[in-house]
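Morning, everyone. I have one protein chain to walk through today. Please have a look at the screen.

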Amino acid sequence: MLPHSLFARLTAYCALLSAFSLAQAKPPSDYVNPLVGTDAHGHAFPGATVPFGMVQLSPDTRTDTWDGSSGYHYSDSTIIGFSHTHLTGTGVGCLGDIMIMPTVGDLDLTPGKPGHGYVSRFSHADESAQAGYYRVFLKDPGVLAELTATNRVGVHRYTFPESGNSNLVLDLVHGVSSDPVETYLHQDGPQSFTGYRKSNGWGGSRTVYFAMAVSKPASSLTLKQNGGILSPGSTSAKGLVVAGLGFQTHKGEAIVVKVALSSTGIAGALKNLKAEAPGWDFDGVRKAAEREWNRTLSRVAVSSPDPHILSTFYTNVYLSSLAPSTYSDVDGSYWGMDKKVHANPGFATYTTFSLWDTHRALHPLMTILDPKRDGEMVQTLLAEYRENGYHNLPVWPLMGNETWCMIGNHSIPVIVDAYFKGIRSFDAEAAYQAIRDTVLQHRNGLDSYEKLGWVASKSGETATSRTLEYGADDWCAARLADALGHHDDAKMFYARSANYRNLFDRTTRFFRGRHANGEWRRPFDTHGLVNDEYTEADAWQYAFDAPQDVPGLIELYGGDGGFIQRLNDLFAEDSTIHTNIPDITGLIGQYSQGDEQCHHVAYLYDYAGAPWLTQKMARQVMASFFSDKPDGHCGNVDCGQMAAWYVLSAMGFYQVNPGLGVYAIGSPVVSKAVIQVGSHRTFTITAENNGPQNIYIQSATLNGKPLERAWFTHAELVAGGSLHFVMGPAPNKAWGHDRKERPAATMPSGFVYASLPAPADDRPITLSLPIRIVCGSDEAVQGFLSDPNMLEGSTAHGDASIDTSAPNAAPAEIYTYERYSSDMSYRFPVPAGKTYTVRLHFAELFDSEKGERVENISLGDKVVLKEFDILAAAGKMNKAVVREYRNVAPDSHGVISVRIQATPNSPDQNAKISGIEILPE
């Protein structure tokens, strides 16, 4: 007789497969294409892993560049090797630990290039990727490489030609944007090896321990330590280690390699290896990985007559199930934020939390499809809070380090959302105290936020974005405080959650920066200030970022009509961005799907009584920016957030306010979705007459009763039931329009908003002579003023010590600021009939290689600096460069213009300048 718990699991799994079989004949894993997101700017990896696996075994085609953040890019034609850790869709590269590469011929322990190193050519025609399995034929050695994995073990199978010189290279120096500090390898036996890789990279130092077993004893072992080959017979090496294992192989002989990882030590890696991959059955491990993927993917069974929709849907469920990744060993132990090994805490621990992204859709999706695991992730976040010593919930934790990447404190909505959806595997009071401690710290602008009601604007500190996002976190804190009886705290946090209003300018109708003295920051550019006033965005993309109080947001824009028009303006606005950064992609007007700030925006029409426009725009975004091809993501996958947005939207709903549990209805792409919401319970969504033209909801029923509202709750979903839509080609503008059918207000009854600030006065200001401008600051710096009229480009600031030995150099601090763009112009009205001396000030703070940034500088219509390389002119970084021009006359309009352009061949297309002086002669 089966134990009750096992019987229950088998019964649940059979129910999942049964529900799926009603929708499609093939298992869901057959629809997954792990190559999606590996082209363009998706930054995904195609290799083998299991859901949320510690091991993510994948080919590396490059070790740096922004588009190489995962180690692989579809445009590449060579493979360096196969490493065991990867990031999925991030905007920063790291990991790439413990790399193996098969070779044939004389052993070469350097990557080199095909024919002169272990790197090999490959073709996508000889490459295949499936859920839990990857294969590719390596042209240069003539070896078939296959990869699969368990949670903590990567399993390789290399099929060799006949050769007396077949090799496996184990490169511990290799990494993706991570620098090795110390590596170690020891041969424990004829077929077993252990070691570690310590490295510095994103977030700080970390160590990955491993245990490796090979199915065939090597006939030779060559060890390279710190660039030198050790004497024959050596069995261990420490430093910067690369090893070569030699074999004699017959034609078609397969060698299997197993590599287990651990964060706790070699002993942990050995335990993981023994527990998860004790044998040599590669195909058995592959089939087990496939079964595990089908269990995960089958939690939602969808149908559609279009196989591309099925492939896109299940691929995005797959991409939503890669991160956060397992961090604890098979015995539950893990490496903590306090740099100590912790025993099993009673739950699995995870790492790689891209919380700025994933609090929006990935974690809400997990509360539906995998609530138990989401609860374990909440427990992990709380453990990291206790361990990190910062009095701060995790911001972007990675392998025992806090990277402090991005803004906000978005562990908070993840915790609060879980709590109010009935996930109670954590101590709610302890969680609240951690939230309270976090938001009352004074780091990252929270000091001025607490004192003023907004983060005081300073160049490069993304103050407006921080203010808006802190407000959303505060609303979540208030809701949990109220539920736990901390009513005074709740009142304080609700008041703080309305701080978004303190940055709403009624002149421009945008959220924009204000200085500590209350004055509006100038100049204001609605298409600029990217990564300056706004995080990876401009003013348009943050114009609707108050998801915690959409009714209040509607009121700011003048009610339903004004709000709908403002949303329409967003989608119709010129797509030009005045800063050249690759994150802002997937543009419809100024709406950007390629980064996360706009992910909720299409659903806001529901709140203003125009659900038909949500239906229209949600469908347009899905059709325009998602597919089942390698370039099927328009921007970074961002640890599953981009994919989760699609999964929810394709089923026809989205959670606008993380932490509330209300789902705004969009337009389902699939014809049917059966969601497993508990033991023997399902929530079924059907779309009658659905198709590419029939995108509009004509009517809806919930559990057989007419549904006139364009939203439903998480409680209604997990209770089980059915949601049925009738679709058509023309909008039913009456459905969901009635005000009484709108989502309820989210601020407390009787809440009183503070007054809005006085509108900005943005009339041009004429500068008086002599003109001295600091180009990258909006505040005066040592006698140099900001230009209050300059709208083009964005600004950056560094803290370097500047060499100002150049003649006529400005004060050193001027060169720590810069304004940059691919093409921008300053224009200075001056008295006509006179000539002037113009001085231009430059310094290279960021690019360390000559030729990386090349620009042309013009005064008026004359190019005065052609193919100007600041670094080459200075001779080193952080040194002032001054160029002076005399007898400069204004144009016929009495204007001296300074144009700064990146040359067409400049690798870095951000031309820049630090200061400008215009002096009367």
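This is a predicted model: local features need pLDDT of at least 70, side-chain atom pairs count only at pLDDT 80 or more; totals for chains, interfaces and linings use all residues.

The protein chain has 18 helices and 48 strands. Its radius of gyration is 29 Å, close to the 29 Å the globule rule gives for 921 residues, so the chain is as compact as a globular protein of that length. Along the principal axes, the C-alpha trace spans about 90 × 75 × 50 Å.

How much of the chain is buried? Of the 921 residues, 62% count as buried. Now contacts. Take those with a separation of 6 or more: 70% of them come from residues 24 or more positions apart.

Next, the surface. The chain exposes about 32,100 Å². Carbon and sulfur atoms supply 51% of that. On charge, we have 75 positive and 98 negative side chains. The centres of the two sets lie 2 Å apart.

H4 runs over residues 307–319. Its 13 residues should span 18 Å at 1.5 Å a residue, and its end C-alpha atoms are 18 Å apart, so the two agree. Is H4 enclosed or open? Of its 13 residues, 11 are buried, so H4 is largely enclosed by the rest of the structure. The buried set runs from Ile309 to Leu319, and includes Phe313, Tyr314 and Asn316.

Stay there a moment. Proline 324 sits in the loop between H4 and strand E20, residues 325–326. The peptide bond into proline 324 from alanine 323 is cis, with omega near -5°. As background, most peptide bonds are trans.

Now H9, residues 428–439. That is 12 residues, reaching 17 Å from first C-alpha to last. The expected figure is 16 Å at 1.5 Å a residue, so H9 comes close to it by the 1.5 Å rule. Its buried residues are Ala428, Ala431, Tyr432, Ala434, Ile435, Asp437, Thr438 and Val439. A reminder on helix geometry: an α-helix has 3.6 residues a turn, so residues three or four places apart point the same way.

What covers the buried residues of H9? The cover includes five helices: H7 (371–388), H8 (411–420), H10 (446–452), H11 (463–483) and H12 (487–497).

Which residues does threonine 438 contact, leaving aside neighbours within four places in sequence? Tyr385, His391, Asn392, Leu393, Asn409 and Leu446.

Back to cis bonds. The peptide bond from arginine 522 to proline 523 is cis, again with omega near -5°. Proline 523 is in the loop between strand E27 (510–511) and helix H13 (550–556).

That loop holds leucine 529 too. Leucine 529 is not a glycine, yet its phi is positive, about 60°. For context, most residues other than glycine have a negative phi. Is leucine 529 buried or exposed? Buried, with a relative accessible area of 7%.

Arginine 509 also has a positive phi of about 60°, and is not a glycine either. Arginine 509 lies in the loop between strand E26 (504–505) and E27. With a relative accessible area of 30%, arginine 509 is partly exposed.

Two more residues. Histidine 578 is in the loop between helix H14 (559–572) and strand E28 (587–588). Its relative accessible area is 26%, so histidine 578 counts as partly exposed. Histidine 578 and valine 530 are 48 residues apart in sequence, but 8.0 Å apart in space, C-alpha to C-alpha. What does histidine 578 touch, not counting residues up to four places away in sequence? Asp525, His527, Gly528, Leu791, Gly793, Ser794 and Ser821.

Last one: aspartate 64. Where is aspartate 64? In the loop between strand E1 (58–60) and strand E2 (78–79). At 44% relative accessibility, aspartate 64 is partly exposed. Aspartate 64 and cysteine 94 are 30 residues apart in sequence and 8.8 Å apart in space, C-alpha to C-alpha.

That's the tour. Over to you.

Definitions and conventions: Residues are numbered from 1 along each chain as its sequence is written. Side-chain values use heavy atoms; hydrogens and water are left out. Helices (H or I, at least four residues) and strands (E, at least two) are DSSP runs, numbered from the N terminus. The radius of gyration is taken over C-alpha atoms; the globule rule is 2.2 Å times the number of residues to the power 0.38. Buried means under 20% relative accessible area, exposed over 50%, partly exposed in between (1.4 Å probe, protein chains only). Contact means heavy atoms within 4.5 Å. Accessible areas come from the Shrake-Rupley method with a 1.4 Å probe; for residues, only the protein chains shown count as cover. Lys and Arg count as positive and Asp and Glu as negative; His and the chain ends are not counted. The place of a charge is taken as NZ of Lys, CZ of Arg, CG of Asp or CD of Glu.
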